[in-house]
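Morning, everyone. Please have the model open.

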Amino acid sequence: MWPHRGISLQAPILPEKEGEIHIIDFDDENNIINKNVLLHQAGEIWHISASPADRGVLATCYNRTSDSKVLTCAAVWRMPKELESGSHESPDDSSSTAQTLELLCHLDNTAHSNMACVVWEPMGDGKKIISLADNHILLWDLQESSSQAVLASSASLGGKGQLKFTSGRWSPHHNCTQVATANDTTLRGWDTRSMSQIYCIENAHGQLVRDLDFNPNKQYYLASCGDDCKVKFWDTRNVTEPVKTLEEHSHWVWNVRYNHSHDQLVLTGSSDSRVILSNMVSISSEPFGHLVDDDDISDQEDHRSEEKSKEPLQDNVIATYEEHEDSVYAVDWSSADPWLFASLSYDGRLVINRVPRALKYHILL
Amino acid sequence: MAAAAAAGPSPGSRPGDSPEGPEGEAPERRRKAHGMLKLYYGLSEGEAAGRPAGPDPLDPTDLNGAHFDPEVYLDKLRRECPLAQLMDSETDMVRQIRALDSDMQTLVYENYNKFISATDTIRKMKNDFRKMEDEMDRLATNMAVITDFSARISATLQDRHERITKLAGVHALLRKLQFLFELPSRLTKCVELGAYGQAVRYQGRAQAVLQQYQHLPSFRAIQDDCQVITARLAQQLRQRFREGGSGAPEQAECVELLLALGEPAEELCEEFLAHARGRLEEELRSLEAELGPSPPAPDVLEFTDHGGSGFVGGLCQVAAAYQELFAAQGPAGAERLAAFARELGSRYFALVERRLAQEQGGGDNSLLVRALDRFHRRLRAPGALLAAAGLSEAATEIVERVARERLGHHLQGLRAAFLGCLTDVRQALAAPRVAGKEGPGLAELLANVASSILSHIKASLAAVHLFTAKEVSFSNKPYFRGEFCSQGVREGLIVGFIRSMCQTAQSFCDSPGEKGGATPPALLLLLSRLCLDYETATISYILTLTDEQFLVQDQFPVTPVSTLCAEARETARRLLTHYVKVQGLVISQMLRKSVETRDWLSTLEPRNVRAVMKRVVEDTTAIDVQVGLLYEEGVRKAQSSDSSKRTFSVYSSSRQQGRYAPSYTPSAPMDTNLLSNIQKLFSERIDVFSPVEFNKVSVLTGIIKISLKTLLECVRLRTFGRFGLQQVQVDCHFLQLYLWRFVADEELVHLLLDEVVASAALRCPDPVPMEPSVVEVICERG
């Protein structure tokens with residue numbers, strides 16, 4: 001999630017009034033892990049999202065406990081300069097003396113309580129941010145170098161019962177005009193220009209939908225996961241049937257992430273304390289094998305294509321990572337290195353893994 | 001001489017006047033003649049006389065021998081024997097001679113009369129013959145006279161005889177001519193009288209003569225006349241033939257006559273068939289009328305009877321008549337008949353199929369089979385007659401197709417019956433719940449369903465079995481003996497049904513994730529048990545039954561029992577797993593709502609166990625009862641007797657400190673991780689949604705696992721006040737008190753509940769746990 005280097009993950013459940021953010025640098029060459037701690041004094045962080053334009057800026061959702069009431073707020077923060085540059089000259093220093101985040105602005109939630117999620121516009125100049133609060137979807141404009149947030153537009157879900165958004169993603173396609181949200185068992189797509197609903201997948205999962213992610217290379221493809229232990233892949237043009245369903249986990253799936261460049265690699269984390277890396281070749285943007293037309297060019301070509309067609313990759317589970325002892329609440333790919341990913345579990349363990357080398361070469365070559 | 005002298009004294013003493021010599025020699029000669037007879041007859045003398053075989057027959061000294069020489073004998077006697085012996089032999093011989101003499105005398109006396117009468121007779125005969133000779137001579141002269149006369153007469157009559165013969169010839173010729181001249185009028189008369197047969201015979205007789213003498217003008221005229229009349233006759237015959245109506249035999253007669261008249265066979269053949277077609281089409285039309293949509297169709301048996309007697313009978317007649325009439329036509333004619341039969345047959349089949357299709361809807365199998373039997377049986381006759389038309393094959397094909405469709409129909413019926421059973425079960429499950437809390441008798445329902453399905457299967461088998469009954473004419477066709485039994489009945493019907501049953505059952509698992517699904521969980525449980533029962537016994541029973549009834553042969557590969565059993569078991573397992581998921585979800589939802597909707601920060605100090613927990617325990621107990629109705633207890637891990645008294649280890653202060661210590665130091669989090677990880681190293685990973693075993697304990701363990709894991713995850717998402725934490729503590733203790741008895745391994749419940757409380761404590765900014773004793777008091781009170 002951090003641009004340029006390393007990985008950051010929200011550490012969601014820390015029992016403090018003040019949350020903290022751990023910035024972990026992972027030096028691939030030297031295999032050195034470097035940790036920086038930033039204090040987040042406003043409260044415990046439930047969701048975190050980094051600005052795509054300014055690598056020093058991030059947005060968080062946090063719990064504020066006041067008068068025996070828990071209120072979830074959202075704010076935009078700036079990191080201290082020295083961290084932003086990414087230097088880690090004095091790792092000991094930074095880890096011992098916790099630095100503080102600088103508050104840029106609050107996403108004012110007096111009207112709407114309980115921010116569930118904040119999402120930056122993925123491609124833009126870091127001016128637009130969406131937050132999900134209860135049953136409202138709010139589009140904010142950040143002005144004056146993010147020091148002021150103005151509510152640009154909003155939409156809300158109507159319906160019976162208490163509807164609450166649980167998660168949302170901003171689609172990188174369509175000039176960043178689409179946002180997908182999840183509430184209960186339903187997935188919805190929104191157009192940010194008109195703030196109107198584009199599509200709706202009712203009963204996408206048997207139970208609560210926990211997370212969703214857009215395929216970075218195929219504009220209509222979307223992955224979702226939920227409490228029914230399933231990961232489903234959708235084509236938003238046909239919302240009646242999932243394209244594909246995975247049932248590998250044995251408990252709620254909390255996170256699903258497409259690899260940023262090789263979208264056949266899908267990472268899922270679940271409260272059965274497993275992380276599963278799947279290879280979804282059949283629905284990825286990368287074609288497998290040659291087309292039939294290529295066959296009759298020459299004999300050599302024939303040979304090669306035969307060899308390739310002999311081993312078309314099947315959709316399969318590449319690896320199941322069982323290093324975690326407790327529920328895994330977050331997984332993400334490195335934004336710098338497409339073969340690197342990390343997962344974080346309840347007990348605070350962060351595991352960084354690499355895609356198996358054989359598979360990496362298979363994809364590359 | 002010496003002998004005579006020697007013997008002299010003895011015969012000399014005999015009284016009698018016959019000379020000695022001849023007397024002495026007579027027996028000797030007789031003996032000689034005897035001997036020669038005997039020789040002639042090949043009897044050895046010795047044997048014949050019973051004498052000792054010793055003496056040579058040529059021995060001249062043998063008195064009885066053929067070559068007896070008195071001289072030699074006397075010499076021998078005189079030389080060899082002493083006097084006494086000589087004397088003896090002399091006396092002996094004399095005595096013998098006497099005896100012989102007396103014998104001869106008696107013989108002579110005896111035969112004397114006979115000789116005399118014989119002589120008389122001969123004398124008489126001589127006289128008679130002489131008379132006869134005279135008469136014969138007279139006869140001979142008479143005969144000569146007669147011969148003479150006869151020759152004279154014939155010579156005189158010769159001339160006249162020749163004239164008479166000639167006249168007779170002329171007479172015959174004249175009669176023929178008269179016939180010819182009368183022919184036209186006769187023919188006309190015959191035609192008028194309608195005696196066509198007679199006319200044709202006349203015509204036939206005259207035809208050749210007329211043909212021969214047509215160069216003579218008078219004959220020519222007759223021939224012309226005849227031809228005209230014949231043409232008219234033919235015309236009339238044709239007329240009659242065309243008018244039809246008079247029935248096949250008469251038509252055949254017409255055709256026969258026409259053929260005799262030398263009409264072209266080809267054309268007649270066409271016409272005959274066209275005519276027959278007309279009649280058969282009539283039959284078909286009447287059949288079609290019976291089919292017609294508006295009048296209530298007669299039952300299928302009646303229909304095939306009509307078809308059989310009307311159409312098929314007609315076809316048989318036509319074919320027989322045709323073959324008789326146009327046998328001379330050779331293969332081309334046969335081919336034409338075959339084509340004719342094929343075409344009409346196919347139309348008939350189309351009708352029959354339409355009728356049979358109406359029957360597919362249901363109805364009586366035995367009636368259908370009987371109808372098919374009749375249909376098939378009727379068609380065997382023309383089948384034999386017209387092998388080329390392949391009607392029999394086509395009929396068999398139709399029967400096969402009907403049989404196949406019938407199988408399909410039964411399969412549908414079975415499926416429908418199964419679904420009907422399910423609907424009944426649903427209703428039964430829904431009904432008592434409204435009436436009251438009384439248990440819906442799951443075991444009873446299961447038994448009902450199982451027996452009802454089994455009886456349906458048996459009924460279907462019995463119905464289908466009619467197709468292969470011995471007395472049914474098509475049951476010995478290869479299809480019905482082989483493929484029908486193995487592929488159709490066993491694979492298609494029985495295996496197909498069991499598979500579809502499994503699929504139907506499985507479809508309940510796949511129902512897209514509406515919460516809890518539309519299917520009542522009890523139904524899932526019941527189906528699961530049903531499938532399991534099928535796996536253990538019913539499938540093999542049904543298949544054995546089928547194999548026995550249908551004597552399935554081995555030439556087709558059939559699904560083995562084990563495969564089906566595996567499928568059924570898999571279905572049962574999936575259903576049970578789904579049941580666990582559904583029930584787990586129900587309880588999870590309850591727990592989740594209870595955690596998510598409560599404000600844990602501002603809650604009051606706990607006084608009671610929350611109602612929802614009691615509800616959870618109640619529901620779990622209800623599920624336990626429900627599952628217990630259908631599944632066995634299963635095994636539990638042995639545990640200490642009273643584990644409800646166990647206290648929460650979580651509250652041991654040391655651990656608490658370690659886990660909750662707020663710290664920014666790098667060492668402190670290390671400790672936290674270490675502690676929790678060490679703890680987890682010793683507990684096994686829990687697969688929450690894992691497949692279950694077929695027993696009660698496993699099912700409940702699954703449900704409780706799901707519920708508690710949900711509780712854990714929900715708790716982790718909330719923030720607790722002090723009293724909130726304490727409430728969780730109380731709730732968990734309460735759950736522990738009641739849930740341990742349901743699960744296989746109570747350690748599991750402890751572990752999860754510990755984890756819940758630990759998580760709650762971690763989520764609490766002010767973690768002050770309640771005293772365990774107080775917790776216990778509250779739980780016991782509530």
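Start with helix α23 of chain B, residues 722-739, and helix α25 of chain B, residues 772-781. They pack at an angle of about 60°, with their axes 9 Å apart. Axes here are lines fitted to C-alpha atoms, for helices over the stretch in contact, and angles run from 0 to 180 degrees between N-to-C directions. Helices are DSSP runs of H or I, at least four residues, numbered from the N terminus. So α23(B) is oblique to α25(B). The cut-offs: under 35 degrees is roughly parallel, over 145 roughly antiparallel, 65 to 115 roughly perpendicular, and the rest oblique.

This is a predicted model: local features need pLDDT of at least 70, side-chain atom pairs count only at pLDDT 80 or more, and totals for chains, interfaces and linings use all residues. Residues are numbered from 1 along each chain as its sequence is written, chains are lettered from A and ligands numbered from 1 in the order in which they are written, and side-chain values use heavy atoms, with hydrogens and water left out.

Who meets whom? From α23(B), B:Q729, B:V730, B:H733, B:F734 and B:L737; from α25(B), B:V775, B:E776, B:I778 and B:C779. Contact means heavy atoms within 4.5 Å. By class, the residues of this contact are six nonpolar, two polar and one charged. Nonpolar covers Ala, Val, Leu, Ile, Met, Phe, Trp, Tyr, Cys and Pro; charged covers Asp, Glu, Lys and Arg; the others, Gly among them, are polar.

Now B:C779, from that contact. How far is its sulfur from the closest cysteine sulfur? That one is in B:C732, 9.6 Å away, too far for a bond. A disulfide needs a pair of cysteine sulfur atoms within 2.5 Å. Buried means under 20% relative accessible area, exposed over 50%, partly exposed in between, with a 1.4 Å probe and protein chains only. In chain A, A:C229 is buried too, at 4%.

Last, B:L708, in helix α22 of chain B, residues 696-716. Buried or exposed? Buried, at 1% relative accessibility. Leaving out residues up to four places away in sequence, B:L708 touches B:L735, B:L739, B:V749, B:L752, B:L753 and B:V756. B:G584 lies 124 residues away along the chain, with 9.2 Å between the C-alpha atoms of B:G584 and B:L708.

Conventions
Helix = DSSP H or I, 4+ residues; strand = E, 2+ residues; numbered from the N terminus.
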